[in-house]
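Visitor: I would like to learn how to read a pocket, a charged side chain and a strand pairing. Please take them in turn.

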Amino acid sequence: MCSSDLDALERIKATSSHIDYRQIAFVDRQGLSAVHSGTQALGTYGALAFKNGAVAGNMLRSLDVLRAMRDFFEKSERADLGDRLMGAMLEGLAAGGEEGPVHSAGLVIVREVAWSVADLRVDWHVDDPVGALAELWERWKPQLDAYVTRALDPTNAPSYGVPGDK
């Protein structure tokens, strides 16, 4: 972690309410990361910072969950970011996941624009929210670049074959 990451983390911690109950994980555009797990996080908790990534979790079956997620993310460095994130979530589940049932999952990706290029959520699923999220990602992934292009330069966007389209 470089000093600017440490400074940013310290500013967040200094200005956040109830920081001892919070977990923070972030990665900057140079791939430097920083993490925090407050001492009041629930159950088995932890966070790992590494080059180009960070993982954090609470109520985990074991800290092996975090290591499995990190290992998958690191070994898949040439894959699409969304695929790497989904794969890391699935590996975390395979390594034990959470202590209790998992009912929700989310995926947010920000890249060359100021807004999220993917913001997918499963807010309640009885059996497999991560699997349902993976299905959403597979449907969204082929469209992602076209939506970014349309937002940045609609004249260069692909045709959608709808009224008003070229």
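Visitor: Which helices and strands each supply at least two residues of the lining of the largest pocket?
Guide: This is a predicted model. A lining is read by asking which elements its residues belong to. Here β1 (23-27), β4 (53-57), α2 (64-75), α3 and β5 each supply at least two residues. Helix α3 gives the most, with six residues.

Visitor: How many residues line the largest pocket, and which lie nearest its centre?
Guide: The lining counts 39 residues, and A54, V55, A56, M69 and L85 lie nearest the centre. The volume of this pocket is about 1300 Å³.

Visitor: Next, the charged side chain. Where is R84 placed, and is R84 buried or exposed?
Guide: R84 sits in helix α3, residues 81-94. R84 is buried.

Visitor: What is the nearest side chain of opposite charge to R84, and how far away is it?
Guide: A salt bridge needs a side-chain nitrogen of Lys or Arg within 4 Å of a carboxyl oxygen of Asp or Glu. For R84 the nearest side chain of opposite charge is E77, 6.0 Å away, and R84 has no salt bridge.

Visitor: Which residues is R84 in contact with, leaving aside neighbours within four places in sequence?
Guide: They are F72, F73, E74, S76, E77 and A79.

Visitor: Last, the strands. In which sense do β5 and β6 pair?
Guide: In a regular strand, side chains alternate between the two faces of the sheet. In this model β5 (residues 105-110) and β6 (residues 116-122) pair in the antiparallel sense, over six bridges. They form a hairpin with five residues between them.

Visitor: Which residue in β6 does V108 stand opposite?
Guide: V108 stands opposite D119.

How values were computed: Residues are numbered from 1 along each chain as its sequence is written. This is a predicted model: local features need pLDDT of at least 70, side-chain atom pairs count only at pLDDT 80 or more; totals for chains, interfaces and linings use all residues. Side-chain values use heavy atoms; hydrogens and water are left out. Two strands pair if DSSP finds at least two bridges between them. Helices (H or I, at least four residues) and strands (E, at least two) are DSSP runs, numbered from the N terminus. Buried means under 20% relative accessible area, exposed over 50%, partly exposed in between (1.4 Å probe, protein chains only). Lys and Arg count as positive and Asp and Glu as negative; His and the chain ends are not counted. Contact means heavy atoms within 4.5 Å. On a 1 Å grid over the protein atoms alone, a cavity is a set of points where a 1.4 Å probe fits but cannot get out, and a pocket is an open set with protein on both sides within 12 Å along at least five of seven lines; lining residues have an atom within 4 Å of a point. Grid points are joined across faces, edges and corners, and a volume is the space filled by probe spheres set on the points.
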